[in-house]
Amino acid sequence: MKEYIATFHTHLSAMITGKKLKENNIEFFLEPVPRKLSSSCGTCIRFTSHNCMEELMDRDCEAVYEVVHKQGSEVDYIMVLNIS
Amino acid sequence: MDGIYLDNAATSYPKASGVSSAMKYYIDEIGASINRSTYSSASETGMTALSLRERACRIFNFDDPTHVIITSGATIGLNMVINAYLKDGGHVIISPLEHNAVMRPLNLLEKQHSNHTEFKTYFNEFPYTLGIDGSYDSLSDLIGADTKAVIMLHSSNVSGEIFDINKIGSICKENGIDFILDAAQTAGHYPIDFFKSGISALIVPGHKGLMGPQGIGLIMMEKDFAKRLSPFICGGTGSASESEFMPEFMPDKFEAGTPNIPGIYGLEKALEFIENTGVNTLYKHTDMLYKRFITGLYNLKLQDRIKILGKEERDNSGVISLDFTGLDNALICRELACRYRIFTRCGLHCAPRAHKTLGSGLRGSIRFSFGYYNTPDEIDYAVKAVGDLITV
């Protein structure tokens, strides 16, 4: 299982994606976009899954990043899906 | 309300079950803004707005919640569409029964563009008899090289008569022009199929047939139409904040500023009621009341003293206007309210063009408009009151 963050062009797109994840029993969290990532809207979705769930991402999703926790509190974000 | 409310064309009353509770719940228990933050209550407002858009899609057979735009009402929705759509002028066709929510923006544009050297805005109305004999040729005949759209109401707020939008939309499609529909008097209680009717933009209020609160409405826009249309109201969207220009993404392109969030909660609950009850059930009820009222009027045998406005051959949205020969309609309206506690609306109903077409001119009429919560007994009582008043 890996941790992902999806970013969006609109808040509504984040809501639509969150709803699809929920319908597929994937737990998610709506969060502010980490400042390391540029994003059109300030809302991202954090979820844990076997893959980046491309098929569940809304049309106005910008990108999906894999979250890599490093030593301490340092975090890297690796883009795994670039939709925009 | 202590009386019989027959003014549902102005605003529906009572509202759908649960509307006021939902609005109270938002104000007292949630309170967060929308499209700005991610904490739990802010997310809930976003999910409620999504649910509202999805319900609208199901009710109007529309396919994309991102193209359901939340507005503060049908008038602002029509202004958003008409002003942006005709910013560079053009010719449009209207109905002969238009409300001022369409006529005033059109006339303002015509005036503003009158001295422009490169373009102008102008309009023609189609004949009132359109479709009555089965022919729609007179509409096709009005379409010229610079005609951009038909912009019209679905049902008259004066006479209640409903135009056949499947036929009109089909003619628009055949001629490659847009079809912009004001469904203020039909949304919620008369079936509307967005794609079957070939609609480009559908504008609806939340507080009439949809039985929600005032101060909220929706626009449903076909995707290509939304791409072509410029924003009319600009401001913060909570997205693309690094840019000082409106984003192109939907619905943010047309949703600047903080919306009426209590209204979103109220309308979402109202649409739940509409879905559970069924638009056809709602229509059958108001149609039954309309026919009962009409039959009652004819049974009074006072046709020489009561003129019913409009064409009864057409479907009706539950609205009847009466013009009392030789009497002051306003005084009859007052007597209905004071003596019988029957609440109606007299005057011109913000639709002078309709009254001119229907022959009631500046006298106007008394409008009786029915809703889902009206009963046959109330209709019978209203008919009797009308008869009593004019035979005294």
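Is Glu275(B) buried, partly exposed or exposed, and at what relative accessibility? In this predicted model, Glu275(B) counts as partly exposed, because its relative accessibility is 26% and a residue must be under 20% to be called buried.

**View 1**
Arg58(B) and Glu275(B) form a salt bridge in which the closest N and O atoms are 2.6 Å apart. This pair links distant parts of the chain, since Arg58(B) belongs to helix 2 of chain B and Glu275(B) to helix 8 of chain B, 217 residues apart. Salt bridges with shared partners join these two residues to Arg55(B), Glu268(B), Lys269(B) and Glu272(B) in one network. Within that group, the side chains of Arg55(B) and Glu268(B) meet in a salt bridge with an N to O distance of 2.8 Å. Arg55(B) lies in helix 2 (residues 40-59) of chain B and Glu268(B) in helix 8 (residues 261-277) of chain B, so the pair ties together parts that are 213 residues apart in sequence. Arg55(B) and Glu268(B) are both buried. As a general point, side chains of opposite charge can pair when their charged atoms come close.

**View 1. A salt bridge within chain A.**
The side chains of Lys70(A) and Glu74(A) meet in a salt bridge, with N and O 3.7 Å apart. Lys70(A) is partly exposed, having a relative accessible area of 38%, and Glu74(A) also counts as partly exposed, at 43% relative accessibility. Over all chains, the structure holds 31 salt bridges.

**View 2. The contact between chain B and chain A.**
In this contact, 24 residues of chain B meet 18 residues of chain A. The area buried between chain B and chain A is about 1600 Å², and carbon and sulfur atoms give 63% of that area. On the side of chain B, the residues that lose the most area to chain A are Thr38(B), Met47(B) and Phe249(B), which together account for 35% of what that side buries. The two chains are joined by two salt bridges, including the one that Glu54(B) forms with Lys19(A), where the closest N and O atoms are 2.7 Å apart. Five residue pairs are in polar contact between chain B and chain A, counting pairs in which both residues have pLDDT 80 or more. Helix 2 of chain B gives six residues, the largest share of the side of chain B that touches chain A.

**View 3. The two domains of chain B.**
The domain assignment divides chain B into domain 1 (4-14 + 279-391) and domain 2 (19-277), and the C-alpha centres of these domains lie 27 Å apart. Their contact takes 36 residues from domain 1 of chain B and 37 residues from domain 2 of chain B. About 3100 Å² is buried between the two domains, with carbon and sulfur atoms giving 56% of this area. In domain 1 of chain B, Val279(B), Arg314(B) and Arg353(B) lose the most area to domain 2 of chain B, together 24% of what that side buries.

**View 4. Polar links and the elements at the domain contact.**
Two salt bridges are counted between domain 1 and domain 2 of chain B, along with 23 residue pairs in polar contact, both residues of each pair being at pLDDT 80 or more. On the side of domain 1 of chain B that touches domain 2 of chain B, the elements giving two or more residues are helix 9 (279-299), strand 10 (319-324), helix 11 and strand 13 (365-369) of chain B. A salt bridge also brings together the side chains of Arg314(B) and Glu161(B), with 2.7 Å from N to O.

Helix 3 (residues 74-85) of chain B has twelve residues and should span 16 Å at 1.5 Å a residue, which agrees with the 16 Å between its end C-alpha atoms. This helix is mostly covered, with nine of its twelve residues buried, among them Leu78(B), Val81(B), Ile82(B) and Tyr85(B). The buried residues of helix 4 of chain B include Val102(B), Met103(B), Leu106(B) and Leu109(B). The buried residues of this helix pack against several elements of chain B, including helix 3, strand 3 (90-94), strand 4 (121-125) and helix 11 (352-358).

Methods
Residues are numbered from 1 along each chain as its sequence is written. Chains are lettered from A and ligands numbered from 1 in the order in which they are written. This is a predicted model: local features need pLDDT of at least 70, side-chain atom pairs count only at pLDDT 80 or more; totals for chains, interfaces and linings use all residues. Side-chain values use heavy atoms; hydrogens and water are left out. Helices (H or I, at least four residues) and strands (E, at least two) are DSSP runs, numbered from the N terminus. The expected span of a helix is 1.5 Å times one less than its number of residues. Buried means under 20% relative accessible area, exposed over 50%, partly exposed in between (1.4 Å probe, protein chains only). Contact means heavy atoms within 4.5 Å. Domain bounds come from an automatic or database domain assignment. Buried area is the accessible area (1.4 Å probe) that two parts lose on being put together, summed over both. A salt bridge is a side-chain nitrogen of Lys or Arg within 4 Å of a carboxyl oxygen of Asp or Glu. A polar contact is a pair of N or O atoms within 3.5 Å; within protein, one must be able to donate a hydrogen and the other to accept it, and residues adjacent in sequence count only if both atoms are side-chain atoms.
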